[in-house]
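Here is a short briefing for a reader new to this structure. The sequence and the model are shown first.

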Amino acid sequence: MSLVGHLYKLQQLDLELQRKQQELNDVENQLSDDKALVAAESKLASQKEQLEDVRKKQKGAEWELEDLQEKVRQIDSKLYGGKTKDPKELVNLEKEVKSLKSQIRPKEDALLGLMSQVEELEAGVKCTAEDVKQLKQEWEQKQESLGQRKKEVETVLAKLKEDRNGLAQQIYPEVLDTYERLRLTKGQAVVKVERGKCQGCHITVPTSQWQKAKAGDLIQCNSCSRILYLE
Ligand SMILES: [Zn+2]
């Protein structure tokens, strides 16, 4: 293989290396992307917290209601137990019981409201918990398949690097420097000459030059400085 042929091959290996490196980056990004799962878990945590809060309120409302009912029972037993004879006291007790009973209704309504809130929140928690379970499963499966893909790409990359370094060792360091410099500035260091034109800048290459390039000499395009390659 000619010197330029070596460089062209080197460039192909470098491009393939770039592609594989990009693929590895993509796989690694996907491996660490747990945003959906984290979001679902945090939603579940906040729903559970809300549920706990409303359950506490429900308990409180139940106690208050029991308390009121107990008070009514006590006064009723005074009213109808026959022990209290004083008419004034009886009137007062009746007033009190009436006032207590008027408080019971709204408390019952509030309690019912809280109970239905609890039910709704429980359904929400159940639904999100299922989502989390599903996402976790998907995540684990993805970790496995992507982990395997990562290993495969790493193996290919290692082989490509080995080939690349082996090939680079066969090229003079100063030629390699020119190649690397062109790669950095032009993206592509070695270009083909097709129908007499440099495929890097599309300017016509003088016949004498492309003939030399075809013979395997290191010829750079007069216009864009890229290394010219003819098969
Ligand atoms: Zn050119």
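Two strands count as paired if DSSP finds at least two bridges between them. Helices (H or I, at least four residues) and strands (E, at least two) are DSSP runs, numbered from the N terminus. The model is a predicted one, in which local features need pLDDT of at least 70, side-chain atom pairs count only at pLDDT 80 or more, and totals for chains, interfaces and linings use all residues. Residue numbers start from 1 along each chain as its sequence is written.

**Sheet**
- Val 190 stands opposite Ile 227 in β3.
- Strand β1 (residues 190–194) and β3 run parallel and are joined by three bridges.
- The open sheet has three strands in the order β2-β1-β3, with mixed pairing.
- Because β2 (197–198) and β3 (227–229) stand at the edges with a single partner strand each, one side of each is left without a neighbour in the sheet.
- Helix α5 (residues 207–214) packs on the sheet and touches β1 and β3; contact means that C-beta atoms, placed from the backbone, lie within 7 Å.
- The direction of α5 makes about 70 degrees with that of β3 (axes are lines fitted to C-alpha atoms, for helices over the stretch in contact, and angles run from 0 to 180 degrees between N-to-C directions).

**Domains**
- The domain assignment, automatic or from a database, gives domain 1 (1–30 + 172–231) and domain 2 (34–168).
- The centres of the two domains, taken over C-alpha atoms, are 65 Å apart.
- In domain 1, 15 residues are in contact with 13 residues of domain 2.
- Helix α1 (residues 3–32) gives the largest share of the side of domain 1 that touches domain 2, with 14 residues.

Technical notes: Contact = placed C-beta atoms within 7 Å.
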